[in-house]
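The sequence and the structure are shown first, and the points follow by topic.

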Amino acid sequence: ELLPHWKEFAAALEQFTPAINLLPDNCVSFFKLDGVQLNSDAMLLVKEALIGKPFQKLLFANNDNGNNAEDLARGGMSVDAILEVVESNKHLQKLEIRRNQIDSQHIERLCSVVRNYPLVE
């Protein structure tokens with residue numbers, strides 16, 4: 001069971017804001033989650049830890065959480081979780097979502113979220 005390790009990771013991530021705020025102006029703060037399998041409990045831990053973090057760049061790749069129970073059990077960050085993180089981040093300049101399944105119900109919300117961030121590429 002990896003959940004204790006994800007709890008430790010999320011707790012460490014919770015402490016990142018002061019460190020990010022100390023970075024020189026020419027540094028870009030980023031978070032990348034690529035090819036990671038998370039069960040729903042671990043995904044919620046990571047999502048909650050990322051809420052409000054001032055990362056300038058977010059990348060979620062190969063983390064398809066899918067739409068059925070089997071996919072959710074072995075998936076990564078769901079589109080809903082990604083969008084909640086994005087909506088909470090006022091410093092975001094670049095968002096990348098690659099090779100993740102995005103169904104039609106999420107397309108409109110994704111476009112709306114990105115449209116509200118004029119600096120997002």
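Which residues have the most contacts inside the largest nonpolar core, and how many residues does this core have? The model is predicted. In it, the largest nonpolar core has 28 residues, and F31, L50, L58, F60, M77 and V86 are those with the most contacts inside it.

- The element that gives the most to the core is α5, with 6 residues.
- Leaving aside residues up to four places away in sequence, L58 touches F31, V85, V86, N89, L92, K94, L95 and E96.

**Strand pairing and sheet**

- An open sheet is formed by 3 strands in the order β1-β2-β3, and the pairing is parallel.
- Because β1 and β3 stand at the edges with a single partner strand each, one side of each is left without a neighbour in the sheet.
- On average, neighbouring strands of this sheet are turned by 0° against each other, with direction ignored.
- Strands β1 and β2 pair in the parallel sense over 5 bridges.
- Strand β2 is mostly covered, since 4 of its 5 residues are buried.
- From β1 the chain crosses through α3 to β2, and this β-α-β crossover is right-handed.

**Aromatic pairs**

- The count of aromatic pairs comes to 5.
- Why is the pair of F16 and F55 tilted? The ring centres of F16 and F55 are 6.3 Å apart and the planes stand at 45°, so the pair is tilted; a plane angle under 30 degrees would count as stacked and one over 60 as edge-to-face.
- This pair links distant parts of the chain, with F16 in helix α2 (residues 16-21) and F55 in the loop between α3 and β2, 39 residues apart.
- Is F16 buried or partly exposed? F16 is partly exposed, because its relative accessible area is 39%, whereas F55 is buried, with a relative accessible area of 2%.
- F31 and F55 form an aromatic pair that is tilted, at 5.8 Å centre to centre and 45° between the planes.
- Since F31 lies in strand β1 and F55 in the loop between α3 and β2, the pair ties together parts that are 24 residues apart in sequence.
- Both F31 and F55 are buried.
- A cluster linked by ring pairs consists of W6, F9, F16, F31, F55 and F60.

Key. Residues are numbered from 1 along each chain as its sequence is written. This is a predicted model: local features need pLDDT of at least 70, side-chain atom pairs count only at pLDDT 80 or more; totals for chains, interfaces and linings use all residues. Side-chain values use heavy atoms; hydrogens and water are left out. A nonpolar core is a set of buried Ala, Val, Leu, Ile, Met, Phe, Trp, Tyr and Cys residues joined through side-chain atoms within 4.5 Å. Buried means under 20% relative accessible area, exposed over 50%, partly exposed in between (1.4 Å probe, protein chains only). Helices (H or I, at least four residues) and strands (E, at least two) are DSSP runs, numbered from the N terminus. Contact means heavy atoms within 4.5 Å. Two strands pair if DSSP finds at least two bridges between them. A crossover is right-handed if, with the strands pointing away from the viewer, the path from the first strand over the helix to the second runs clockwise. Axes are lines fitted to C-alpha atoms, for helices over the stretch in contact, and angles run from 0 to 180 degrees between N-to-C directions. Rings of Phe, Tyr and Trp (its six-membered ring) pair if their centres lie within 6.5 Å; planes under 30 degrees apart count as stacked, over 60 as edge-to-face and the rest as tilted.
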